[in-house]
Structure formats: C-alpha cells, structure tokens
Amino acid sequence: MTKFDKYFLSKLKKDKKTSTWMPTKVVYSDEGMKSWQGGYCKYLPCSNYIQIREKYKNDKGILAHELTHARQHGLFLFFHPLLTFFDKYTLFIELDAYREQVKAYNYTKEGQYMWIVNALVDPNRYGLNISMEEAMEYADFMFGDLINKD
C-alpha cells in the first residue's frame, strides 16, 4: 500500500453520514441480481436506485453499503467518468462501502471481515487483480480500528 493509498483511504475513514442528497429508491427483489450480490446501487439521472435481495431486507449492513455508493454517486457526480480511469477507484469505493457495512455489523473479533478480503480478490466480482496479502493489508487498514475490543 502506497503513501497515497493510505492518505486517500484515511480521508474515506473519517466519520460521515451514510446518506445522499439525491433521491434514492430502495427495492427488495432478487430479479436481475448476480449470484454473488447482496445488493447494488445504480446511478440514474438525478437519483439513485438501490436493489437488495429479499432475504436481506432487514440487513442494515447491506443497506449501509449501498447507501454509501449512493452518497459516492452524489460526491463524484461530475468526476465519475474521470475516476474510472484511476485503477484503484473501484477498490477505494468498495472499501469505503464495506467500512460502513462493517460498522453496521459491529464486529468484535479480528478476521470477521475475511469474507470481504475474499470478495476483493475474487476475479469474478470486482476485477481488482490484487493478491490476498494486498487485500488483507487494505482491509486491516480500513476495518481494524472498528473492531469492538471490549
């Protein structure tokens, strides 16, 4: 992880509201979802559309994750086309969204977020082309301070 990565990710780690200034519609349905998805957020002109699987209707973590993407759409509205050329853009926006999800789950033990590490290295999900060691380093940096060690 580079110094720039740490700097940028530390900015994302700052507490913020998981909300968006744009109207956001949330729908609970399995229709059209990839097998590995719990939910997704799609930017529409002047609004966001969030779809979450029916079985996760009461999962506050997935909702927080997708609302984070809705907030990101509002923040990066004009920069999004440019940011997609930044090779770590997807990694950083997913780490930001997963951080909000981890907060919602209130994890108490290290390693409870290994499923996120596995998702980051899975070539069929985000196409990040990072190693398990790199994904672990990013995850520890982004989520390690959230572990409730009481």
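The structure is a predicted model, in which local features need pLDDT of at least 70, side-chain atom pairs count only at pLDDT 80 or more, and totals for chains, interfaces and linings use all residues. Residues are numbered from 1 along each chain as its sequence is written, and side-chain values use heavy atoms, with hydrogens and water left out. Helices (H or I, at least four residues) and strands (E, at least two) are DSSP runs numbered from the N terminus. A residue is called buried under 20% relative accessible area, exposed over 50% and partly exposed in between, with a 1.4 Å probe and protein chains only.

**Helix 2**

- Helix 2 has 16 residues and reaches 22 Å from its first C-alpha to its last, close to the 22 Å expected at 1.5 Å a residue, where the expected span is 1.5 Å times one less than the number of residues.
- Because 12 of its 16 residues are buried, helix 2 is largely enclosed by the rest of the structure; among the buried residues are H65, E66, H69 and R71.
- K60 belongs to helix 2, which covers residues 60–75, and K60 is exposed, with a relative accessible area of 66%.
- Although K60 and A104 are 44 residues apart along the chain, their C-alpha atoms are separated by 6.2 Å.

**Helix 4**

- Helix 4 (residues 89–105) has 17 residues that should span 24 Å at 1.5 Å a residue, and its end C-alpha atoms, 25 Å apart, agree with this.
- Helix 4 is mostly covered, with 13 of its 17 residues buried, and the residue that follows it, N106, has a positive phi, near 50°.
- Within helix 4, E100 and K103 are 3 residues apart and are therefore separated by about one helical turn.
- An α-helix has 3.6 residues a turn, so residues three or four places apart point the same way.

**Salt bridges**

- The count comes to 5 salt bridges, each defined as a side-chain nitrogen of Lys or Arg within 4 Å of a carboxyl oxygen of Asp or Glu.
- One of them joins D30 and R53, whose closest N and O atoms are 3.9 Å apart; D30 lies in the loop between strand 1 (24–28) and strand 2 (39–44) and R53 in the loop between strand 3 (47–52) and helix 2, so the pair ties together parts that are 23 residues apart in sequence.
- In this pair D30 is partly exposed, with a relative accessible area of 41%, whereas R53 is buried at 12%.
- Another salt bridge joins D145 and R99, with the closest N and O atoms 3.1 Å apart, and it links distant parts of the chain, since D145 is in the segment after helix 6 and R99 is in helix 4, 46 residues apart.
- D145 is partly exposed, with a relative accessible area of 48%, while R99 is buried at 3%.
- E100 and K103 also form a salt bridge, their closest N and O atoms being 3.3 Å apart; E100 is buried at 5% relative accessibility, and K103 is partly exposed at 27%.

**A negative surface patch**

- E133, E134, E137 and D140 form a negative surface patch; patches are made of residues with over 30% relative accessible area and no salt bridge, with like charges joined within 9 Å and nonpolar side chains (Val, Leu, Ile, Met, Phe, Trp, Tyr) within 5 Å.
- Of these residues, E133 is placed in helix 6 (residues 132–143), and E133 counts as exposed at 60% relative accessibility.

Definitions and conventions. Accessible areas come from the Shrake-Rupley method with a 1.4 Å probe; for residues, only the protein chains shown count as cover. Lys and Arg count as positive and Asp and Glu as negative; His and the chain ends are not counted. The place of a charge is taken as NZ of Lys, CZ of Arg, CG of Asp or CD of Glu.
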